[in-house]
Amino acid sequence: MTSVFCLMSACLWLTTAQANELLAPPTTLPGLSYDIPLLSGPHDPSISTPESLLGFPVGQRTATPEQIVRAIQVWTEESDRAELVEYARSHEGRPLYYVVISSPENLARIDEIKTDLTALADASGTSEAQASAIIDRLPSVAWMAYSIHGNESSGADAALATVYHLTASTDSAISTMLDQQIVLIDPSMNPDGRARFVKELEQMRGTAPNIDDQSMLHNGSWPYGRTNHYLFDLNRDFMYLVHPETRGRVAAINQWRPQLMIDGHEMGSQDTYLFAPAREPINANIASTVRAWNETFGNDQAAAFDSMGWTYYTGEWFENLYGGYSSYAEYRGTVHILYEQANVDEDGIKRPDGTILSYREAVHHQLLSTLTNLKTLAAHSKDMYQQYAADRRAMLASSSPYANISYAILPSDNHGRMNDLVEILQLQDIEVYQTTRELTVSDATDHLGKTSRTTLPEGTVVVPNRQAEARLISAMLEFDAPIKDDVLIKERQAALRDGSSIMYDVTAWNLTMMYGLPALRIGSELTANLEPYTPKTAQISVGNDATLGWVVNGADDRSLGFAARLMEQGLQVRVIDKAAEFDGNTYSRGSVMVSRRDNRLRDDLAALVQAEARHQGISLSAVNQGLGQGELPDIGGRHFRLLTRPNVALLSHGMINPYDFGTIWHSLDTHLGIRHSHLDSTFAASADLRRYNVLIVPDRWGGNLDGKEIAALKRWVEEGNTLIAIDGSVPGLLDPEKGLSEVRTLEGSFDDLAGFDLALQREWQALSESPVDLEMTRRHQVPISVTYPQTEGLQTDEDTLKQTNQWQRLFAPSGAFIAGRTDQKHWLTFGVDETMPILIARNPVLMSGSQSRAVVRLGSYEPMSDSAWDKQQKDLDDEAYRVGWSTLPEQQALRMRMSGLLWPEASQRLANSAWLTQEGLGKGQVILFASEPNFRGAARGMNRLLLNAIVYGPGLGTEPEIEL
C-alpha cells in the first residue's frame with residue numbers, strides 16, 4: 001500500500017509540474033532557504049521517510065489532514081514502537097488519532113500501565129507505600145498535541161517529524177528514553193479547520209514565494225481556518241465539552257493522566273516564540289508544584305533555543321486564569337506547556353530586521369521544543385509522580401482547602417439541561433450526587449452573593465468539593481475565580497493608560513451560571529442523605545381515543561426542538577403562555593401542546609408526536625381534560641397560542657463575527673435540528689427575503705448596514721417577520737432616521753434620559769405590587785395631590801454625560817456575569833428564571849423606552865430592610881435615589897455582579913440597561929440582544945432566550961396571516 005501511495009504522490013507531482021511549465025519560474029529570493037537539518041542521527045531505513053510519504057520534505061509545505069493520517073498509519077504499521085488510536089470523529093467525519101510511542105516492551109503492557117496510572121490517581125484506594133511501588137515501575141507519560149487552530153499549521157508538521165524521529169531513530173538515547181517513557185502524540189487536533197486552511201492555501205498559492213504577511217496567502221478569508229466545522233475555537237472547549245473533537249480528546253487525556261501536556265500554537269507573524277511559564281493572573285486552583293515544574297521545563301527550553309541562537313520569551317501576554325483551555329489538565333495534576341510560534345503560512349515572512357522567517361524554521365522551533373520537553377520529563381518524572389501523588393492525597397484530607405465546600409444545584413424541571421450539565425462533570429471523573437430528602441444547611445451562598453440558612457429540596461444535585469479532582473471541581477464550579485490585588489491594580493492601570501487589558505480571556509465562566517441553573521455554594525462537606533445522581537428519564541403517555549392532545553413541559557429546553565420539528569413536519573402546534581394544570585399534571589408557561597382538533601386531518605398525529613418526544617428524550621403527557629383548574633387556562637382560551645413554523649435565515653460572511661455565527665448555526669443544528677439558510681451578508685439586501693420569516697444578524701466585527709440594507713430590512717419586518725440582531729450588529733440598526741427600532745444605545749439617549757428613566761419606573765410599577773392609595777381611588781372628588789414618578793436629580797447636561805460615559809467605558813468588563821432580571825410575563829422568557837446570569841463584555845449598552853419592551857434588564861432588585869433604607873436616606877441627604885443614569889425604586893437595592901471582574905464604573909454604566917428588547921414594527925417585530933446569547937455554545941441559559949425568539953417569534957410577536 002505504501003508503494004501505491006508513493007506512486008500516486010509522484011503522479012500528482014508530475015501533473016503539477018507539467019501545469020507549472022506554462023508559468024514563469026520565480027526568481028531567486030535570498031534568505032528564504034533554511035538549510036539546518038530538522039532531525040539528526042541515523043534512522044531505520046525500513047521506516048518510510050516523511051518525504052517519501054508527503055512528496056516533499058517535512059516542513060517545506062503544509063501537510064493536509066489526509067497526508068498526516070496516511071503518514072502516521074504507515075509509521076505505526078512499519079514500526080514496533082508505535083500504535084495508533086482513533087479517539088473521535090470530527091463534525092465532517094474526519095478521524096482524530098493519537099499515536100502511542102514507546103518501547104515494544106512498554107507497548108506490550110499498556111493495560112497494566114493504565115491500571116497503575118488510575119490507581120496512583122485514586123488516593124482514597126491507594127496507600128503511600130502502594131503509590132511508591134507504582135511510581136517505581138511507571139514510565140513517564142507525555143501528551144503532545146498540536147494545531148488545535150487549523151490555520152496554526154507548523155505544530156502538526158512538527159508532530160509528523162516527531163513521530164518519524166521517535167519511531168525510526170536508531171540513536172541509543174532515543175531508545176533509552178522510550179524504554180522509560182510513553183509519548184502520546186495528537187498530531188492534528190482540528191482536521192476540519194486545517195482542511196479548510198490548506199485548501200485556501202492551495203487556492204491562494206502562486207508560482208513565486210510570498211513573504212508578505214498582509215497577503216491573502218498569510219491571512220486567509222472568512223471564516224478562516226482557525227475554527228472547527230461550526231467555527232468554534234476548540235481551545236476554549238475543554239471545560240464545556242460542546243464538540244465531539246473535545247469530548248473524545250478529554251476522555252483520552254483523562255484516561256492516560258499524562259505528567260506533561262504540550263499544546264502547539266501560533267501567534268502574530270511578526271512575533272518570535274513564546275512558551276511557559278505564564279504570568280499572573282494564574283488560576284489559584286493550579287497546584288504550586290505544577291507551577292514550579294513550569295519553571296523547570298521553561299529553563300530547559302530556553303537553553304535549547306539559546307544553543308540555536310533563536311529568540312523567544314515567556315509570560316508577557318500569556319496569562320492563565322480561564323479554566324477552559326487545553327490547560328484544564330493542570331487542575332488534574334498535569335504540567336501544561338503552551339507553544340506559540342510566529343505564524344508563517346508556508347513560504348516565509350519578511351521581518352522588520354530584513355530577515356525572512358521560513359515555514360521550515362517555524363516547524364523546527366516546534367520540533368526542538370517537543371524533543372527538549374520530552375528530555376526534561378525523562379529527567380524528572382519520578383519526582384513529578386511523587387508530588388502528584390502527594391497532592392492527590394492532600395485533596396482528600398480534612399485539612400484540604402476544598403474539604404468544607406460543596407456545590408448544590410437546585411432541582412429543575414429543565415431535565416435536559418440538568419442532565420447535560422451532570423454529564424459534563426462526570427466526563428471529568430467528578431462524582432455527582434443527589435439528595436434523598438430535604439437538607440437544611442446553614443451557610444449557603446447563591447449566585448448573587450447572598451448567604452443564608454437554606455433548605456435544599458429533595459433531588460438537589462450535590463457536588464462535594466472534597467474529591468480527588470477537587471482542583472478541577474473548583475475551577476469549574478466556584479462562583480468567583482480569585483484575582484490577586486496587585487493584578488487588579490495592574491489591570492486598572494492598563495485601562496486608564498490606554499484602554500487596554502491584561503486579561504487575555506473572560507474573567508467568569510462558572511458552569512452553573514453558563515447553564516442558567518440556580519446553584520449554591522455550601523460552606524461544609526455534604527455527605528449524608530446522598531445517592532449517586534440518576535438522569536431524569538422521559539415518560540411517554542400514549543393516550544387513547546378520548547385524548548384531546550399532548551403536552552411537553554416548557555421548562556425543558558427540549559420543548560423547543562419538539563415544537564419546531566413537528567411544525568416542520570406540517571403539524572399545528574400551540575404554546576401555553578401561562579402556567580396550566582390538566583388531569584392533575586402541572587405545566588410551566590411555555591409548555592407546548594399539539595391538539596387533535598388542530599390536526600384532525602392527520603392520521604399519523606399520535607405517531608409523529610410520540611416519535612418526536614422520544615427523539616428529544618422529553619416527557620410527553622396526554623391531555624384528556626380541557627378545563628383548567630381554577631383561574632388556570634382552558635384549552636380553547638387565549639393562552640393557547642397558535643405558532644407559525646419558523647423559516648430561518650442566518651447572515652454570514654463580510655463583517656459577521658464567525659464565532660457568533662457558528663454558535664447560532666450549531667444551536668440550530670443541535671437544539672432544533674430544523675432546515676435553515678445561510679445568507680451572505682454582502683448580498684442580503686438583494687436577496688428575496690420573502691422566503692423567510694426569521695432573519696438572524698449575528699455580532700459584527702465592524703461596519704454597519706447601509707441605508708439601502710436597513711430600508712430593505714424594515715420593509716421585510718413590517719410585512720410580518722421577525723428580525724433578530726446581536727451585539728455589534730445592533731448599534732447600526734438604531735439610527736432614529738431609519739425608523740427600524742426605537743431602542744437606543746446609551747450614547748444615543750443623552751437627549752432623553754428622563755424619558756428612558758420614566759419607562760423604567762413604569763416597568764417597575766407594572767411588575768411589582770407597588771403601594772396604591774385605594775381609598776383615594778374610591779373617592780368621588782378629584783384629588784388635590786397625586787404622586788408621579790420623579791426624574792429629578794438625573795444628570796441631563798449632554799457634555800457632562802458624554803464625559804462620564806467616556807470615563808466609564810474605560811472599565812468595560814472583559815467577560816463577567818451580571819444579574820439579569822426578566823419580564824416573567826413576556827413569551828421570550830419561557831423557561832428562564834426571574835433572575836438569570838448574563839455574560840457581558842465590551843458590548844453595546846442598550847436603552848429601552850416606552851415604545852419597546854425590555855425583556856431582560858441588567859440588575860436584580862433586592863428589598864432593603866427598614867434600618868438599611870433609613871441609613872441610605874441619610875446618606876442621600878435629599879438627593880435622588882439613583883444609580884448611573886436611572887433612579888431606583890424606593891427601598892430597593894440593585895445587585896449586579898455575579899462573577900468576574902466588574903469595576904464600579906462599569907457597574908454604574910450598565911445598571912438597568914436592557915440586555916434583550918422586543919418591539920413591534922408594522923406587522924412584524926425586532927428583537928435585540930446586547931451580547932452573544934450562546935457564548936461558546938455553552939451559555940445554555942441565555943441561549944434559551946434566543947431559541948424562544950427563533951421558534952416562537954413568528955407566531956407570538958407578529959400578526960398572524962390566515963391563508964384562505
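Predicted model: local features only at pLDDT ≥ 70, side-chain atom pairs only at ≥ 80, totals over all residues.

Biologist: Is the peptide bond from A276 to P277 cis or trans?

Modeller: The bond from A276 to P277 is cis, and its omega is near 10 degrees. Most peptide bonds are trans.

Biologist: What about the bond from W222 to P223, cis or trans?

Modeller: Cis. Omega from W222 to P223 is near 5 degrees.

Biologist: Where is P223?

Modeller: P223 lies in the loop between α10 (216-219) and α11 (244-256). L231 is found in the loop between α10 and α11 too.

Biologist: What is phi of L231 near?

Modeller: Phi of L231 is near 65 degrees, so a positive value in a residue that isn't glycine. Most residues other than glycine have a negative phi.

Biologist: Is L231 buried or exposed?

Modeller: Buried. L231 has 3% relative accessibility, and buried means under 20%.

Biologist: OK, next loop. Where does E346 sit?

Modeller: In the loop between β10 (335-342) and β11 (348-350). Phi of E346 is positive, near 65 degrees.

Biologist: And is E346 buried or exposed?

Modeller: E346 counts as buried because its relative accessibility is 3%.

Biologist: Switching to sheets. What is the strand order in the open sheet of 5 strands?

Modeller: The order is β25-β20-β24-β21-β26, and the pairing is antiparallel. The edge strands are β25 (621-623) and β26 (640-642), each pairing on one side only.

Biologist: By how many degrees are neighbouring strands of this sheet turned against each other?

Modeller: By 30 degrees on average, with direction ignored.

Biologist: How many bridges join β20 to β24?

Modeller: There are 4 bridges between β20 (residues 549-552) and β24 (residues 591-595). These two strands run antiparallel.

Biologist: Which residue in β24 is the bridge partner of G549?

Modeller: S595 is the partner of G549.

Biologist: Which strands does helix α18 touch?

Modeller: Helix α18 (residues 558-568) packs on the sheet and touches β20 and β24. The direction of α18 makes about 30 degrees with that of β24.

Biologist: And what does helix α19 pack on?

Modeller: Helix α19 (residues 605-616) packs on the sheet, where α19 touches β20 and β24. The direction of α19 makes about 10 degrees with that of β20.

Biologist: Great, thanks.

Key:
Residues numbered from 1 in each chain as written. Heavy atoms only, no water. Pairing = 2+ DSSP bridges. Axes fitted to C-alpha atoms, helices over the stretch in contact; angles between N-to-C directions. Contact = heavy atoms within 4.5 Å. Buried < 20%, exposed > 50% of the residue type's maximum accessible area, 1.4 Å probe, protein only.
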